[in-house]
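Here is my note on the model you sent. Please read it with the structure open beside you.

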Amino acid sequence: MHIRREVPEDTGQIDEVQAAAFGQSLEAELVTALRDGGHSIAELSLIAEVEGRVVGHVVCSRGELAGQPSVGLGPIGVLPELQGEGVGSALMHAVIAAADALGEPLIALLGSPDYYRRFGFVPSTDVGITPPDPAWSVFQVRTLSTYDTAIAGQFNYAEPFNNL
């Protein structure tokens, strides 16, 4: 397996992976809207490939927290036949390391605490960050090297998330 940045030629396969991973087209459409709207962060849009085939994809987009740029992760998708085989974990480790190397303060996401805890994610409210929707009890953050504990408030995703 090889992890690398997404390139334009990957778009069709990325759509297929996201649609297959979630059993619907919504996540693939979100990825397209993030990319086309200039919200995705190119350095944090990664694919996993095996023998030239895209088998997993993660995208991060520019969010906002307390008036400062921040990073929202998602969607992350892996072909169903490879889920549980380490593809998602490899993508998560790579995107966290890349965001940290870029000097990002944190990554926010909505997802299963049982899964994302292993990557250092904690409930956002533990560090004074509130989710875009107060009903989101599984909103989490992973603080990175440049995180400042004074950063607090409501996290806001890129605009395409508001259209879900």
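1. Basis. This is a predicted model, in which local features need pLDDT of at least 70 and side-chain atom pairs count only at pLDDT 80 or more, while totals for chains, interfaces and linings use all residues. Residues are numbered from 1 along each chain as its sequence is written, and side-chain values use heavy atoms, with hydrogens and water left out.

2. General point: rolling a probe the size of a water molecule over the atoms shows where empty space is left. On a 1 Å grid over the protein atoms alone, a pocket is an open set of points where a 1.4 Å probe fits, with protein on both sides within 12 Å along at least five of seven lines. A lining residue has an atom within 4 Å of a point. Grid points are joined across faces, edges and corners, and the volume is the space filled by probe spheres set on the points. The largest pocket has a volume of about 650 Å³. Its lining has 28 residues, and Phe22, Pro75, Ile76, Leu110 and Tyr116 are the closest to the centre.

3. What lines the pocket. Helices (H or I, at least four residues) and strands (E, at least two) are DSSP runs, numbered from the N terminus. H1 (11-22), H2 (26-36), E4 (68-78), H3 (87-101), E5 (106-110) and H4 (113-116) each supply at least two lining residues. The most come from E4, with 6 residues. By type, the lining has 19 nonpolar residues (Ala, Val, Leu, Ile, Met, Phe, Trp, Tyr, Cys and Pro), 2 charged (Asp, Glu, Lys and Arg) and 7 polar (the others, Gly among them).

4. Helix H1. Which residues of H1 are buried? They are Ile14, Val17 and Gln18, where buried means under 20% relative accessible area, exposed over 50%, and partly exposed in between (1.4 Å probe, protein chains only). Seen down the axis of H1, these residues fall within an arc of 95°, so they line one face of the helix; the arc is that of the directions from the helix axis to the C-beta atoms. Their cover includes H2, E2 (40-50), E3 and E4. Just after H1, Gly23 has a positive phi of about 70°.

5. Helix H2. Here Glu27, Ala28, Leu30, Val31 and Leu34 are buried. They lie within an arc of 160° as seen down the axis of H2, so they too line one face of their helix. H1, E2, E3 and E4 are among what covers them.

6. Ser61 lies in E3 (residues 53-65) and is buried, at 1% relative accessible area. Leaving out residues up to four places away in sequence, Ser61 has contacts (heavy atoms within 4.5 Å) that include Leu34, His39 and Phe161. Ala98, in H3, is partly exposed at 21%.

7. Backbone. Most residues other than glycine have a negative phi, and most peptide bonds are trans. Glu51, in the loop between E2 and E3, has a positive phi near 50° and is exposed at 84%. Ala66, in the loop between E3 and E4, has a positive phi of about 55° and is partly exposed at 44%. The bond joining Gly74 and Pro75 is cis, with omega about 0°; Pro75 is in E4.
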